[in-house]
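Please look over the sequence and the model shown below before reading the report.

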Amino acid sequence: MESLLIHACFGFRRVRIINSLTVRSIGVLDQSSYAETDLVRLQELVIDNAPRLERLVRNDVENGLHVSVVAAPKLQAIGFLSDGYKFSEHCYPDHLYRLELGSTVIQGLRVESLAMAVSTVKILAFWTRTLCLDTIVELLKCFPCLEKIYIKPHMGLREPNNLWRPKHHNFIKRHDIRLKTLVLRWYWGIKSQVNFVTFFVLNARMLESVTLQVEHYNEEFVADDQRAKLQLENRASRAAQIHFTTDRSIRSSSDVKRVHDLDVVDPFEPPC
């Protein structure tokens with residue numbers, strides 16, 4: 001077995017993978033429909049030993065699933081993490097996805113315990129109520145070799161200003177940001193988003209592509225306003241390019257119809 005998909009299953013609270021020498025992809029999708037019922041639903045996934053596991057995909061993240069990975073030395077892609085994306089007001093810890101990678105613990109998007117950085121992870125995807133650079137910096141400390149980040153922010157919620165000079169000066173000085181690809185859905189060009197994107201444009205020396213999904217493409221908005229604000233001419237990487245698009249930029253759960261749909265190098269890149 002190379003792929004395992006747990007899709008809308010109920011009647012059990014725990015799945016444990018004790019020793020799988022072949023599994024490469026694990027996906028847990030669409031459990032929320034049972035959250036408000038009396039049906040017993042999955043609450044915990046434990047992966048004791050999966051030496052070939054590369055992808056861990058979790059789509060519905062708001063019902064408090066606890067995932068514990070003891071040993072997965074080839075794990076490269078994780079998502080979707082969330083800080084309570086679906087909750088407009090109060091979000092309690094029990095609602096949040098909890099991820100344990102050895103002794104490193106992430107609750108929602110908050111790194112609660114960083115005993116050891118997880119350097120194998122290259123791809124990270126998450127939903128967020130607010131686009132907060134401080135949160136991303138902490139995740140970069142946890143996953144120092146990240147090459148791709150996919151972000152689905154909630155549309156319409158108040159954003160932090162994301163000013164990073166001199167707040168993250170020490171981080172920039174001490175860490176090599178290896179990011180190559182940044183994908184941000186629902187880009188409107190507001191100040192907080194501009195500050196967020198320019199942090200990577202000006203500091204990620206390996207950056208190749210920034211994809212900004214906009215609701216309506218406007219050439220004047222893109223050419224005359226945004227490219228100047230995003231300071232592309234001062235980019236840290238000469239190869240970096242910014243792409244504005246109205247096309248869907250991040251894969252959704254509707255794209256996963258069969259277990260074999262998990263067996264892709266990048267599980268968050270939308271299909272062609």
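The text below describes a sheet and then a cavity.

This is a predicted model, in which local features need pLDDT of at least 70, side-chain atom pairs count only at pLDDT 80 or more, and totals for chains, interfaces and linings use all residues. Residues are numbered from 1 along each chain as its sequence is written, and side-chain values use heavy atoms, with hydrogens and water left out.

An open sheet of six strands, with mixed pairing, runs in the order 2-4-6-8-9-10. Strands are DSSP runs of E with at least two residues, numbered from the N terminus, and two of them pair if DSSP finds at least two bridges between them. Because strand 2 (14–17) and strand 10 (110–113) each have a single partner strand, they stand at the edges, and one side of each is left without a neighbour in the sheet. Strand 9 (residues 104–107) pairs with strand 10 in the antiparallel sense over three bridges, and Ile106 stands opposite Val111 in strand 10.

A cavity is a set of points on a 1 Å grid over the protein atoms alone where a 1.4 Å probe fits but cannot get out, and lining residues have an atom within 4 Å of a point. A volume is the space filled by probe spheres set on the points, which are joined across faces, edges and corners. By this rule there is one cavity of 30 Å³ or more, and the largest cavity holds about 60 Å³ of space. Its lining includes Leu29, Phe80 and Arg251, and divides by residue class as follows.

| Class in the lining of the largest cavity | Residues |
|---|---|
| nonpolar | six residues |
| polar | three residues |

Terms used:
1 Å grid on protein atoms, 1.4 Å probe; cavity = no way out; pocket = protein on both sides within 12 Å on 5 of 7 lines; lining within 4 Å. Nonpolar A, V, L, I, M, F, W, Y, C, P; charged D, E, K, R; others polar. Helix = DSSP H or I, 4+ residues; strand = E, 2+ residues; numbered from the N terminus.
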